[in-house]
Amino acid sequence: MNEDPKLGARLLGAPPAVLCATPAYLQKHPAPERPEGLRDHALLTPAGEGAEYRFQMTKASARAEVRVRPKLAVDDPAVLHSATVAGLGIGLLPEFLCRQGVATAKLRKVLADWQAPSAAPLYAVYPAGLENDHRVRSFVDFAAANIVPALAH
Amino acid sequence: MTSLWSAAQLAVFARVIELNGFSAAARAYRVPKVAVSRAIADLEKSIGVQLMKRTTRRIFLTAAGDAVLPHARAISIEVEKVRLLAEGFSTTRTGALRVIADPTYGRVLLAPLVPRFLDSFPDIALDVLLDAGEDAEWDVAIRAGVNEDPKLGARLLGAPPAVLCATPAYLQKPSAPE
């Protein structure tokens, strides 16, 4: 198996993401009322392409695109979450990671009526040779049908 | 020298050297470490020479081990081919399905999924690892953003283009293809 490890992948979907920050941060830096206001904030985002991160936000039929230079761009959602909870700025986080923080008022949603860009898409990856294995197939099908709906608001 | 000794023991020897450790080989084979030590000891006893020396930190090949290793590797590849061939003929595999995931995502994603899966598929056992090392073998991995892994990204170029080039925003639309 180590000689020829071809892999197959199934897209499971992209978890919804939200913007949030600590109440302490928002007391010093009042929350923006429109996406454009994000430019005046310290932003914590997933790693984008280059130094800028493009926020494409929607609200009903309204669209906004804001290019920002994040204070922290990191490809690990756990680091992003820690930085947000530490009060370093407004973080763009998978909703499921900050659900508890919001529920316990440690975090507050920002621009909550706007839809933020989704988090990195999730994949189920498997050795290509197991594509037709009934256990792998059952699990991947089940994950595809259940994971992302479970993460939705 | 005993005349009956097994190719599997040579394969284990090759694996221990490849992964530089008895523990790593045991994890790869999903067996207790003592089974690996035993296989090596039996092999050395059968062929009548010592193949490796162990210190607490490292494994050293003896001259005999060095000479045997390329043959052991060739045999281990053949053994693996036979295993895969046999798997292809067997319609129902048994044994636990090993699922790995990044700890951050895994805890949140798999916690609700696993009990429901086990409930829906009573004949499939799961073995879930959230801190799997590089060498761990797995059947399914749940990952965020496959492109972050250069090895995987390169191998995935043969996959359907939709997997590789659709944006997350597009895929959230109801019209996105399944």
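**Notes on the model**

1. B:Asn20 is placed in the loop between α1 and α2 of chain B. The model is a predicted one, and in it B:Asn20 adopts a positive phi of about 55° although it is not a glycine. B:Asn20 counts as exposed because it has 12 C-beta neighbours inside 10 Å, and a residue is taken as exposed at 12 or fewer.

2. The axes of helix α1 (residues 7-19) of chain B and helix α2 (residues 22-29) of chain B come within 8 Å, with a crossing angle of roughly 120°. α1(B) and α2(B) are therefore oblique to each other, and their crossing is right-handed. On the α1(B) side the contact involves B:Val12, B:Arg15, B:Val16 and B:Leu19; on the α2(B) side it involves B:Phe22, B:Ala24, B:Ala25 and B:Ala28. Classified by residue type, this contact of α1(B) with α2(B) has seven nonpolar residues, one charged residue and no polar ones.

3. The crossing of α2(B) and α3(B) is right-handed. B:Phe22, B:Ser23, B:Ala25, B:Ala26 and B:Tyr29 of α2(B) meet B:Lys33, B:Ala35, B:Val36 and B:Ser37 of α3(B). By class, the residues in the contact of α2(B) with α3(B) are six nonpolar, two polar and one charged.

4. B:Val34 is twelve residues from B:Phe22 in sequence, and their C-alpha atoms are 8.6 Å apart in space.

5. Chain B contains eight helices and five strands, and from the N terminus on its elements run α-α-α-β-β-α-β-α-β-β-α-α-α. Of its 178 residues, 22% count as buried. Where contacts in chain B link residues at least 6 apart in sequence, 60% of them join residues at least 24 apart.

6. For chain A, the secondary structure amounts to four helices and nine strands. Their order along the sequence is β-β-α-β-β-β-β-α-β-α-β-β-α. Buried residues account for 42% of the 153 residues in chain A. Of the contacts in chain A between residues at least 6 apart in sequence, 75% join residues at least 24 apart.

7. Which residues have the most contacts inside the largest nonpolar core? They are A:Ala124 and B:Val140, in a core of 56 residues. Helix α4 (residues 134-151) of chain A gives the most to this core, contributing six residues. Neighbours within four places in sequence aside, B:Val140 is in contact with A:Ala124, A:Tyr126, A:Val136, A:Phe139 and A:Val140 of chain A, and with B:Leu97 and B:Val99 of chain B. A second, separate core has 18 residues, among them B:Leu10, B:Val36, B:Ile40 and B:Leu51. In soluble globular proteins, nonpolar side chains tend to be buried together.

8. A:Leu111 deserves a separate remark. This residue has a positive phi of about 50° although it is not a glycine. A:Leu111 is found in the loop between β8 (108-110) and β9 (122-127) of chain A. Is A:Leu111 buried or exposed? A:Leu111 counts as buried because it has 22 C-beta neighbours inside 10 Å, and the threshold for burial is 20 or more.

9. A last point concerns helix α3 (residues 95-103) of chain A. In this helix A:Phe96, A:Leu97 and A:Cys98 are buried. Just after α3(A), A:Ala105 takes a positive phi of about 65°.

Conventions
Residues numbered from 1 in each chain as written. Chains lettered and ligands numbered in written order. Predicted model: local features only at pLDDT ≥ 70, side-chain atom pairs only at ≥ 80, totals over all residues. Axes fitted to C-alpha atoms, helices over the stretch in contact; angles between N-to-C directions. Helix = DSSP H or I, 4+ residues; strand = E, 2+ residues; numbered from the N terminus. Parallel < 35°, antiparallel > 145°, perpendicular 65-115°, else oblique. Left-handed = near helix turned anticlockwise from the far one by under 90°. Contact = placed C-beta atoms within 7 Å. Nonpolar A, V, L, I, M, F, W, Y, C, P; charged D, E, K, R; others polar. Core = buried A, V, L, I, M, F, W, Y, C linked by C-beta atoms within 7 Å.
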